[in-house]
Structures are given as structure tokens and as C-alpha cells.
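My plan is to look things up one by one and jot down what I find.

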Amino acid sequence: MTPPGVVLETEVRPMTTTRYDVVVVGGGVLGTAVAERLARTSASVCLLEAEGDVGEHASKGNAGVAVSYYGGPGTLETDLINASNPFWEELCERLDVPYRRIGGLMVALSEREAERLEHTRAEAAACGVRVRILGAGEVRVAEPLVTPDAVAGLSLPDEGIIDPMRLTAAFASLAAVNGAVIRLRERVEAIEHEDDGTSTVITGAGRYRARFVVNAAGVGAGAVSRMAGGEPLVTWPRKGQYVVVDRAFAGALRQIVFCTHLPDTKGINVVPTTHGSALLGPTATDITDPDDRATDAETIARVLAEAARLVPAVAEAYAIKTFAANRPAGDEPYRLRVDAHVPNLVHVTDRSAGVSISPAAAQYTLDLLQAAGLDAVERPDAQTALPRVPRLRTAPEPERLTEVDPLYGQVVCACEHVSAAEIEAALSAPVPATSIDGVRKRTGAGYGRCQGSLCLAGISFLTAMATGCGPDTVRHTVRGTVGS
Ligand SMILES: Cc1cc2nc3c(=O)[nH]c(=O)nc-3n(C[C@H](O)[C@H](O)[C@H](O)COP(=O)(O)OP(=O)(O)OC[C@H]3O[C@@H](n4cnc5c(N)ncnc54)[C@H](O)[C@@H]3O)c2cc1C
């Protein structure tokens, strides 16, 4: 059941002003994590998201690596990675999000890269990360699919893979369960400051008076800061293109295979996903249009070639999809602080490791807000977990799930083994799927080799039923492409 605070469609209603302690702008992984953390306190919170679902931008199209190491020691980002990394198993258990600590292997293909690995080892160790140099023989034992040309490797056993879309949806759902108001399809268009130190956040559908505003608008954070008269924060999209390869290949992969980080690039990697597929990529190209998510043949050919240098068994024949997503790049790689000019505006952005820092970033944001005067005490009655939805593909005894719900007997997506029960759960979650793509994000239905050729009609039918649409008006994406 959708909690009363979740508003999926913008209502036509008089422009009355609603008051909250905190208004969060942006429903990506960082905005939803912040809303979830705040909702467990006495503070009232409203999240405003421009799109019709949470997790529609960077938080949808990333590699889903919950990193143990990303950059040098002594930075806030490193501190937040370190504060998040040990707790992924516990958090994902509570939020019903797939996560596996499978480890990562950085591979050197030349003596020059091997020297660079030593630099990375020292840097990671200085960050407090478990890390070990491997000789050429050890590399192939650790990951037999790695090229015999590897001259050395670096083992990072605390790298993990997570489903970033399920994580974002789960943060949003738990926030809603605990009373946060989640308003979708509400793009913030203006922010006005009042004499009493509060601000009015204005969308096309409403006015929200807030003691504090959290700017978690990703690539839109620059515009939000401008609206509020805040720091001249410059943001732009940095496109990353990926190839998805199916489990016929990915099933044999034991861990994440990274290329050697060079000073100017983190390069193309081979990353298993929690769905059983693997991602090859990403590239990094600065662009101007945040909605440009096109892939191009030349770049995809390069991604395949560079991935095959690391793992020669990767072949185009395994490719089932290409996609692109845009990192929220900015004049600073991450920004988590109170604005320099506007004392009730807090920026929460991260270009490249937003998933990996999200739990600790949420706590850090609460700390910032409290230090700035937010009155927020822990609520003893707050829920800390979401109900677990058993998954046909991963259940130890899938044939017994029909005893839980007969709909487990109706397999809708044959490639990914997704049942009607799981789709129904996604369509009735606290922040539910309202489109075919929303179902896909929450269940993986349509992610497999056939890419929905076989299951689209079934997903479409169930989505239409749940959203009160017909087959010609059911939403394919939240942007409103209709029809199945
Ligand atoms: C190719 C690629 C690979 C990556 N790999 C990893 C990885 O492996 N591990 C990792 O930790 N991180 C990774 N990242 C980075 C990670 O995805 C980002 O750091 C993270 O998703 C940022 O989250 P966010 O919530 O700040 O931004 P977003 O997810 O972009 O969310 C911002 C939200 O704000 C909304 N918004 C914008 N303007 C407004 C407005 N005016 N009003 C209302 N709403 C607004 C947008 O609609 C959007 O939903 C990767 C990113 C990319 C693109």
C-alpha cells in the first residue's frame, strides 16, 4: 500500500504552503538516503523529485560497485566510504537490497602499470583499506578469466556489488514508511528566503516552507544553488557508456576486474552485477545535455576492446544491451557542506562514488543539519527494515514459494526468473513502480538476454492493472512514453 505521504502524480490543488523541517531536493541515491535518515528522527521531511520515480538519473545508470577505495586518504569522501563499507551486509539485509562482497582485482598489463599498482596499493593502504599486491601467477588463480598477459594484480577484497536501483527505491520506501513525504513529478523552480530564516521551495504544483533545504539534485545541483542564491556551484553531465553482457559469460566471473588506475583515468572495468550479468565500462566524456544518454558504435567498440584486454573471454556475442548514464560532475568532485552564503542550504552531491558513500553521507548530513540548528531526536518507534520479498531466482527452494504466494508460480520474465509475485510487490511497494521501467528497476524483469521480448506483455499487463491504465496508456517509462 502506498503510504499517504507518497504523491506519485502532481495534484492540481491550490498553492497552499506546507511546512517541513527539511525539504530535500532530488530523489537519487543521496537524496533518498538523506530522507530515510531524517525520517527516523522527529524532524518532518519532504523530498521533491522532478521525475516520476526515484533513481532516474545517475543513481540508475551506475556500475553498482560499493567501493572500498576510490581516492586518497584524508578526504571526506574517503571517510564516508570507510564509514559505509563495513555495514553493507547489515544495511542491505534490512532494506532487502542485493549486495555481495565479491572483491576486486586491479590488473596491470605492463611493467609501467605494475609500478602504478604499487602507488595505488600504498594509497589504498593509507586509507585503511585491505589491499595486497599479487604476482602474475596469483592473479590468474584469483580470477582465471583474467588475461595471461597480466604482469601483476592488486587484490581489494572489500569491494562489493550492489543493486543501486533497489537501494535508492528502498531508501525512499523506508523514508515513506517512517512518514517522509515523497513528492514525484515536482521540479523545484524557485527558492525564496523568508524573514524568519526559513525558505519557501516552489515547484509547479506547490510551495513548501522549510527550515532547511538539502540540495541533492545531482547534475541539477548548480541550478538549485543558483535559485537559492547559494555558492556558484558549477555542475555538468559526464557521460559513461556501458555494454551489458549476459550471465552465460558473467556467471564464470568471480570478482570485479579493474584496469590499473592511471592519474587521468579510472578506465574500463568488467563488473559483475547482482543480477548475474556483467557491465563493461564506463567511459567518461563531458557533455552538456543531462538527458543525452545515447550510446555510439565507435565508443561501444572501444569498450568491448578494452574489456577484452583484461578478460579475453568477453566477446560481442555475449552483449545484450548498451546504455549510458551521466555522472553529476562539478567544480568539486563532491560537496557535502552547508552553503557558504545561505546558512539553511546544505549541498549533498558526489560525482563518482555516491552509491558507496550514501549511508554515511546521510548520517553526515543529519549531523550538519543538527549543528546548524535542526531539532531532530531519534524516534524510538521508527522502522528500520522493509519487508523481505523472496526472489524466485535466488531463493534456496524456489519451488516452495508458491506456498507463500501462488503468484510465484507465474513466471513472467523467463530469462531472469521473475514471478508475478515479485512484480506485484514492486507495484505495491511504499514508493511503488508506476511504469514498465519502474518494474524493471525494482525486479530485474526484462534485464535478461531477450531484453523483454518475451515478458514485456506480461509486465505491461500487470503494470496497467496496478496503475489503472489500459495497454495503450500504460507508461513504459516515467517520462510518459505510453503503450506496450
Ligand atoms: C557511468 C557511471 C558509473 C558509476 N559507477 C559508480 C559506482 O560503481 N559506485 C558508486 O558509488 N558510484 C558510481 N557512480 C556515481 C553515482 O552514480 C553517483 O555519485 C550518484 O548516483 C549520485 O547520486 P545523486 O542522488 O547525487 O544524483 P542523481 O541520482 O542524479 O539524482 C539527482 C536527482 O535530482 C533530481 N533533480 C534535479 N534537479 C531537480 C529539481 N530542480 N527539482 C527536483 N528534482 C531535481 C533529478 O531528477 C535526479 O533524480 C557512477 C555514475 C555513473 C554515471
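Predicted model: local features only at pLDDT ≥ 70, side-chain atom pairs only at ≥ 80, totals over all residues.

**Entry 1: the record.** I began with UniProt, where an unreviewed entry lists residues 411-459 as "domain: BFD-like [2Fe-2S]-binding". Over residues 411-459, I get 41% helix and 10% strand.

**Entry 2: the domains.** Next I checked how the chain is divided. I noted domain 1 (6-59 + 164-234 + 332-371), domain 2 (104-157 + 236-330) and domain 3 (398-467). For domain 2 and domain 3, I found C-alpha centres 30 Å apart. I also looked up who touches whom there: 8 residues of domain 2 are in contact with 8 residues of domain 3.

**Entry 3: around the ligand.** How many residues surround the ligand? I got 37, and the closest are Glu49, Ser59, Val65, Asp350 and Ser356. Sorted by type, the shell has 17 nonpolar, 13 polar and 7 charged residues. Domain 1 and domain 2 each give the shell at least three residues. Looking at elements instead, I saw that helix 1 (29-39), strand 19 (319-330) and helix 10 (354-371) each supply at least two.

**Entry 4: polar atoms at the ligand.** I picked out three atom pairs here. Serine 59 puts a polar side-chain atom 2.5 Å from a ligand oxygen. Aspartate 350 uses its backbone instead, with an N or O atom 2.7 Å from an oxygen of the ligand. At valine 188, a polar backbone atom is 2.8 Å from a ligand nitrogen. Then I looked up how covered the ligand is: alone it exposes 1000 Å², and the protein buries 95% of that.

Entry 5: Where is the cis peptide bond I noted? It joins glycine 281 and proline 282, with omega at about 0°. I placed proline 282 in the loop between strand 17 (278-281) and strand 18 (285-286). My other find was arginine 185, a residue other than glycine with a positive phi, near 55°. I traced arginine 185 to the loop between strand 10 (181-183) and strand 11 (188-193).

Terms used
Residues numbered from 1 in each chain as written. Heavy atoms only, no water. Near = heavy atom within 4 Å. Polar contact = N/O pair within 3.5 Å; in protein donor to acceptor, adjacent residues only side chain to side chain. Areas by Shrake-Rupley, 256 points an atom, 1.4 Å probe, with all protein chains shown as cover. Helix = DSSP H or I, 4+ residues; strand = E, 2+ residues; numbered from the N terminus. Nonpolar A, V, L, I, M, F, W, Y, C, P; charged D, E, K, R; others polar. Domains from an automatic or database assignment. UniProt positions renumbered as here; feature names shortened; annotations may be inferred. Contact = heavy atoms within 4.5 Å.
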